Every structure is written in structure tokens, then in C-alpha cells.
Amino acid sequence: MAVAADEGRHVATYDGRLVAEARVVDAEPAPVEPVTAEVARAAEASYAGLRSHPFPSCFACGTGRLPGDGLRIFPGRLAGGEADRAAATWTPHPSLAVGTPANEPARTSLPVAWAALDCIGGWAGDDVGERPMVLGRMTALLDAAPVVGETHVVVGQRLGAEGRKTFTAAILYTADGRVVGRAEHVWFTVDPADFTASATT
């Protein structure tokens with residue numbers, strides 16, 4: 001896709017049509033309480049996408065992706081009936097490494113960190129997979145790029161809903177508690193069949 005600067009924002013277009021836009025904003029994502037890596041790992045067993053995934057080729061949470069081909073973040077509901085929160089562990093694959101200074105640990109790119117903070121919100125907003133959604137808006141604050149080969153934890157929380165919109169937030173951090181980034185999202189309920197139809201026409 002073509003990306004260009006336009007009046008303080010960057011826009012991505014395909015075939016002349018606007019696909020996405022990005023701009024710097026003065027905002028603070030809603031806080032999300034972290035959990036331990038053990039708790040997040042246990043939650044993965046309840047990942048609804050393992051039973052039925054509306055978008056199995058998704059780069060972040062798709063079950064159709066192989067290690068090194070996607071992030072394979074599989075968030076499930078937290079134990080104890082926390083229906084508004086989901087969590088998973090994630091260890092960045094070596095294929096995600098980008099150039100880093102000598103004697104520094106290999107890290108992913110910042111867009112990969114954004115991706116890791118993305119779908120966790122959707123699954124927190126609909127942890128049973130009965131309300132498929134696509135991202136409408138995401139506001140993120142990144143402290144660092146994730147370290148390749150290091151265990152991370154990502155937690156999402158549902159903040160509310162209004163019609164087709166669902167509001168969520170997320171946090172990404174290392175297993176020892178160092179925050180990598182935080183985000184807030186707006187999702188829109190969709191029919192996955194509409195995307196399948198457009199991809200085959």
C-alpha cells in the first residue's frame with residue numbers, strides 16, 4: 001500500500017482508496033491490571049479461536065499462521081469468571097528481529113509491538129467468538145520494542161459497548177513486569193462473510 005504524509009498525519013491507500021490513517025495524539029490509554037505469565041499461559045487453553053476463528057490468517061492471533069509467519073498470540077478468558085479480561089503469553093520469534101546496535105538484545109520492530117497490542121482487545125471484547133469484530137481505531141503508547149526470544153504477557157480488558165462499537169484496552173509487558181506498551185481500541189462488529197466475499201470477487 002502507498003503511504004504518504006498529509007496535513008500532520010500519514011495515510012495508507014490502496015487503489016486510490018483510504019485504508020488507514022495515523023497521527024500523533026495527546027492521550028493516555030486506559031490502565032489494565034497485569035497478570036503473571038503463569039496465569040496468562042493457563043488462559044490460553046480457553047482461546048475461542050482454537051474452536052472457530054473468524055479470521056484464521058490474522059497476523060497477530062490467527063490459528064492458520066505458523067511460527068515465524070505470525071505472532072500466534074492466543075488469548076483466553078482469565079480463570080475465575082473474569083468475562084471482561086483475556087490474556088496470553090507471547091515470545092517473539094527470531095524471524096521478527098530487526099537491526100539492533102552491537103551488544104544489544106535483538107528486538108522486533110515497533111509495528112510488531114502494535115500488532116501484539118491489537119487483537120487482544122478484540123478477544124477481551126468478545127472472548128467466546130460470538131461477536132466478530134474488526135479494529136476501527138487504536139491509540140498506543142510504546143515504551144520499548146519487544147525483545148526477541150523473551151517471554152511477554154499481553155492482557156486485554158473490555159471497557160464497554162455502544163451499538164456496533166466495543167471499547168477495549170490492553171497492556172504488553174515482559175514476564176518480570178517491565179511494561180513494553182499500552183493501547184486503547186474501538187472495534188466494530190462485522191459479518192466475516194462480507195470479507196470473504198470481497199476477497200474472492
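Biologist: Leaving aside its neighbours within four places in sequence, which residues is V179 in contact with?
Modeller: V179 is in contact with D143, I171, L172 and Y173, where contact means heavy atoms within 4.5 Å. Before we go on: this is a predicted model, where local features need pLDDT of at least 70, side-chain atom pairs count only at pLDDT 80 or more, and totals for chains, interfaces and linings use all residues. Residues are numbered from 1 along each chain as its sequence is written, and side-chain values use heavy atoms, with hydrogens and water left out.

Biologist: Thanks. Where is V179 found?
Modeller: V179 is found in strand β11 (residues 179–189). Strands here are DSSP runs of E with at least two residues, helices are runs of H or I with at least four, and both are numbered from the N terminus.

Biologist: And what is the relative accessible area of V179?
Modeller: The value for V179 is 34%, so this residue counts as partly exposed. The classes are buried for under 20% relative accessible area, exposed for over 50%, and partly exposed in between, with a 1.4 Å probe and protein chains only.

Biologist: How far apart are V179 and V153 in space?
Modeller: Their C-alpha atoms are 9.5 Å apart, and the two residues are 26 apart in sequence.

Biologist: Let's zoom out. What is the strand order in the open sheet of 6 strands?
Modeller: The order is β4-β5-β9-β10-β11-β8, with antiparallel pairing. Two strands pair if DSSP finds at least two bridges between them.

Biologist: Which are the edge strands?
Modeller: Those are β4 and β8 (133–142), each of which pairs on one side only. On average, neighbouring strands of this sheet are turned by 30 degrees against each other, direction ignored. The axes behind such angles are lines fitted to C-alpha atoms (for helices over the stretch in contact), and angles run from 0 to 180 degrees between N-to-C directions.

Biologist: How many bridges join β5 to strand β9?
Modeller: There are 6 between β5 and strand β9 (residues 152–162), and the two run antiparallel. V153 comes back here, as the bridge partner of T89. On the β4 side, strand β5 (residues 82–90) pairs with β4 over 3 bridges, where G76 has A87 as its bridge partner.

Biologist: What about β9 and β10?
Modeller: Strand β10 (residues 165–174) pairs with β9 in the antiparallel sense over 10 bridges, and T168 in β10 is the bridge partner of R158. Their hairpin has 2 residues between the strands, and G163 takes a positive phi near 65 degrees there.

Biologist: Which residue takes a positive phi in the hairpin of β2 and β3?
Modeller: D15 does, near 55 degrees, in a hairpin that also has 2 residues between the strands. Strand β2 (residues 9–14) and strand β3 (residues 17–22) pair in the antiparallel sense over 5 bridges, with Y14 standing opposite R17.

Biologist: Is D15 buried or exposed?
Modeller: Exposed, because its relative accessible area is 67%. Most residues other than glycine have a negative phi. R72 has a positive phi near 55 degrees too; it sits in the loop between α1 and β4 and is partly exposed at 31%.

Biologist: New topic, aromatics. How many aromatic pairs does the structure hold?
Modeller: It holds 2. Rings of Phe, Tyr and Trp (its six-membered ring) pair if their centres lie within 6.5 Å; planes under 30 degrees apart count as stacked, over 60 as edge-to-face and the rest as tilted. Y47 and F74 are stacked, at 5.0 Å centre to centre and 10 degrees between the planes. Both lie in the loop between α1 and β4, so the pair ties together parts that are 27 residues apart in sequence.

Biologist: And how do Y47 and W123 pair?
Modeller: Edge-to-face, at 4.9 Å centre to centre and 70 degrees between the planes. W123 is in helix α3 (residues 119–125) and Y47 in the loop between α1 and β4, so this pair ties together parts 76 residues apart in sequence. Both Y47 and W123 are buried, and ring pairs link Y47, F74 and W123 into a cluster.

Biologist: Last one: what does the side chain of H53 make a polar contact with?
Modeller: With the side chain of Y47, at 3.1 Å. A polar contact is a pair of N or O atoms within 3.5 Å; within protein, one must be able to donate a hydrogen and the other to accept it, and residues adjacent in sequence count only if both atoms are side-chain atoms. A polar atom of the H53 side chain also lies 2.9 Å from the backbone nitrogen of F55. H53 counts as buried, because its relative accessibility is 13%.
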